[in-house]
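The sequence and structure come next, with the notes after them.

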Amino acid sequence: MLYALGEIILVVIGVLIALQINNWNKARKERNKEVNYLKNLKADLVSEIKNNEEFVNYKYHKAKAYSELINGYAPTSIEEVKTYTETFGAVFIWNTFVPNQNTYKELLSSDNLSLIKSDSVKNGLLELDKLYAAIKTGEEHMRREYEAYIYDPQAENVTNVGCF
């Protein structure tokens, strides 16, 4: 009886050790996934900085071109028509801001956001997503403004330029 009890205790201890090893292994795999997601998030954010700089430059050149178009004059030479056409294109071609959220979207769609242990990182991602939504709303508003105040009046004045 004592031998059987000893065997049971050894089996229970073995099972507990196996479960603990399994838990450690699972925790290690989850930590590796978290670290991989954090690396990818960092890469996305570094890429996003460049993306934002390029988009700010695009918006700056668009505003500058619009100012030149409004304050300019009708072209009188082929070179001026070429410059005018480039300026006109810079104003009237519309590009939208497309954020780099690949890893964040993957975290959400795979339900792996819970792998990120840091609350500040999770909150930062949620705030960034909220900021992107605000940018999109502002961009849609600006697009309507362009259509109402720039595109329509400019289309009426195209025949006044003399080159169309």
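**Loop and helix packing in the predicted model**

Asp111 sits in the loop that joins H3 to helix H4 (119-157). Helices (H or I, at least four residues) are DSSP runs, numbered from the N terminus. The model is predicted, so local features need pLDDT of at least 70 and side-chain atom pairs count only at pLDDT 80 or more, while totals for chains, interfaces and linings use all residues. Residues are numbered from 1 along each chain as its sequence is written, and side-chain values use heavy atoms, with hydrogens and water left out.

**Asp111**
- Asp111 is not a glycine, yet its phi is positive, at about 60 degrees.
- With a relative accessible area of 64%, Asp111 is exposed (buried means under 20% relative accessible area, exposed over 50%, partly exposed in between, with a 1.4 Å probe and protein chains only).

**Helix H1**
- H1 has 70 residues, and its first and last C-alpha atoms are 101 Å apart, close to the 104 Å expected at 1.5 Å a residue (the expected span is 1.5 Å times one less than the number of residues).
- The buried residues of H1 include Glu34, Asp44, Glu48 and Lys62, along with Tyr37, Leu41, Phe55 and Tyr58.

**Helix H2**
- The 15 residues of H2 should span 21 Å at 1.5 Å a residue, and the end C-alpha atoms of H2 are 21 Å apart, which agrees.
- Tyr84, Thr87, Gly89 and Val91 are buried in H2.

**H1 against H2**
- The axes of H1 (residues 2-71) and H2 (residues 78-92) come within 8 Å and cross at roughly 125 degrees (axes are lines fitted to C-alpha atoms, for helices over the stretch in contact, and angles run from 0 to 180 degrees between N-to-C directions).
- H1 and H2 are therefore oblique to each other (angles under 35 degrees count as roughly parallel, over 145 as roughly antiparallel, 65 to 115 as roughly perpendicular and the rest as oblique).
- Lys62, Ala65, Tyr66, Glu68 and Leu69 of H1 make the contact with Tyr84, Thr87, Phe88, Ala90, Val91 and Phe92 of H2 (contact means heavy atoms within 4.5 Å).
- Eight nonpolar, one polar and two charged residues make up the contact of H1 with H2 (Ala, Val, Leu, Ile, Met, Phe, Trp, Tyr, Cys and Pro count as nonpolar, Asp, Glu, Lys and Arg as charged, and the others, Gly among them, as polar).

- Ala65 is found in H1 and, at 5% relative accessibility, counts as buried.
- Leaving aside neighbours within four places in sequence, Ala65 is in contact with Thr87, Ala90 and Val91.
- Gly89 lies in H2 and counts as buried at 19% relative accessibility.
- The C-alpha atoms of Gly89 and Val46 are separated by 30 Å, and the two residues are 43 residues apart along the chain.

**H1 against H3**
- H1 and H3 (residues 102-109) pack at an angle of about 145 degrees, with axes 8 Å apart.
- Tyr37, Asn40, Leu41 and Asp44 of H1 meet Asn102, Thr103, Tyr104, Glu106 and Leu107 of H3 in this contact.
- By class, the contact of H1 with H3 has four nonpolar, three polar and two charged residues.

Conventions. Helices (H or I, at least four residues) and strands (E, at least two) are DSSP runs, numbered from the N terminus.
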